[in-house]
Amino acid sequence: MRKWQTIEKEAIADLETLEMNDLKAKVLESEYLRFESCDSTQNQLAQHKHLKAVMADTQTKGRGRLGREWISTKGQGLYLSWRPDLDHLRFKEIPYLSFLVAGVMADLLNRKYPKIDCCIKWPNDLLVGTQKLGGILCEVKTQGSDLDIVVGIGLNLRKQAFDTSISLEELGLVLDVEDLETVRWADLFLDQLIEAQSELMLGQFSVILERWRQYQIPMGTRMKQREIVGTYLGIDDFGNLRLRSEDGQIIQISSGEVQIASILPNLS
Ligand code: BTN
């Protein structure tokens with residue numbers, strides 16, 4: 001288990017300008033910080049380059065993909081940001097990281113709870129049925145040829161206020177209260193992610209996509225993106241979504257959000 005340093009403050013000021021004090025010393029000697037509350041773990045990790053991961057009990061400005069808010073009620077979920085160790089990853093290879101994270105998370109959840117049937121909706125929403133259990137946000141900053149990548153992970157642990165979401169607690173699979181502990185989940189995911197990240201550096205993209213495909217939503221699910229409606233045909237080797245439209249055309253989607261119109265498995 002890694003040592004998470006707990007910070008009771010809302011945010012840490014710019015360390016460069018901060019006088020040496022207890023807080024600064026605490027932060028500088030840690031790699032893993034846990035805030036009782038912060039704006040967004042993404043911001044805190046991006047700001048402090050020596051950290052490997054940041055988690056929070058609650059976030060006041062949690063964010064999701066496509067500029068959405070990620071409601072982060074205290075104690076209801078895991079709010080975690082991780083900085084992968086990916087020196088020399090090429091810019092065009094970054095999309096595989098989000099497939100890696102989604103695949104690893106789905107794999108862990110399905111192994112831990114064999115009855116959960118947690119699926120991935122392209123590109124990286126973790127679903128149970130049509131309800132969202134978790135999400136992933138990959139953010140990249142470039143500085144010259146250097147890439148600073150911060151991966152955000154949200155997992156619903158306790159009852160959620162929205163019909164479109166579901167939590168582990170509501171699924172009734174959790175028998176042990178320790179399974180709702182955020183630090184435990186953070187450690188479990190980080191252990192698996194740190195192990196799997198070498199697949200990226202070794203260029204094993206097919207391994208990453210195969211793991212993802214194992215948990216993808218059923219083939220034939222009806223999906224839509226704005227005016228496009230079609231049945232799900234999986235992803236290609238570059239991670240693009242493939243749909244068959246109603247007039248039989250194959251459509252490739254490389255970005256944005258797709259919604260599930262209805263799950264009608266059609267495996268033919
Ligand atoms: C999504 O839209 O599905 C992605 C959600 C990612 C939420 C996590 S919670 C921890 C980290 N901090 C944030 O502000 N967002 C991510």
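I looked up the pairing of strand β3 (residues 53-56) and found it antiparallel to β4 over 4 bridges; strands (E, at least two residues) and helices (H or I, at least four) are DSSP runs, numbered from the N terminus, and two strands pair if DSSP finds at least two bridges between them. The model is predicted: local features need pLDDT of at least 70, side-chain atom pairs count only at pLDDT 80 or more, and totals for chains, interfaces and linings use all residues. Residues are numbered from 1 along each chain as its sequence is written.

I noted that Ala-53 has Trp-82 of β4 as its bridge partner. I then checked β8 (residues 146-156), which pairs with β4 in the antiparallel sense over 6 bridges; Ser-81 has Gly-152 of β8 as its bridge partner.

I looked at burial in β4 (residues 77-82) and found 6 of its 6 residues buried. A residue is buried if 20 or more other C-beta atoms, placed from the backbone, lie within 10 Å of its own, exposed if 12 or fewer, and partly exposed in between. Gly-77, Tyr-79 and Ser-81 point one way, and Leu-78, Leu-80 and Trp-82 the other way.

I turned to the ligand shell, where β4 and β8, as well as α2 (41-47) and β7 (131-143), each supply at least two residues. Of the 20 residues around the ligand, those that come nearest include Gly-152 and Ser-40; a residue is near if its C-beta atom, placed from the backbone, lies within 6 Å.

For the protein chain, I recorded 7 helices and 13 strands. Of its 268 residues, 32% count as buried.
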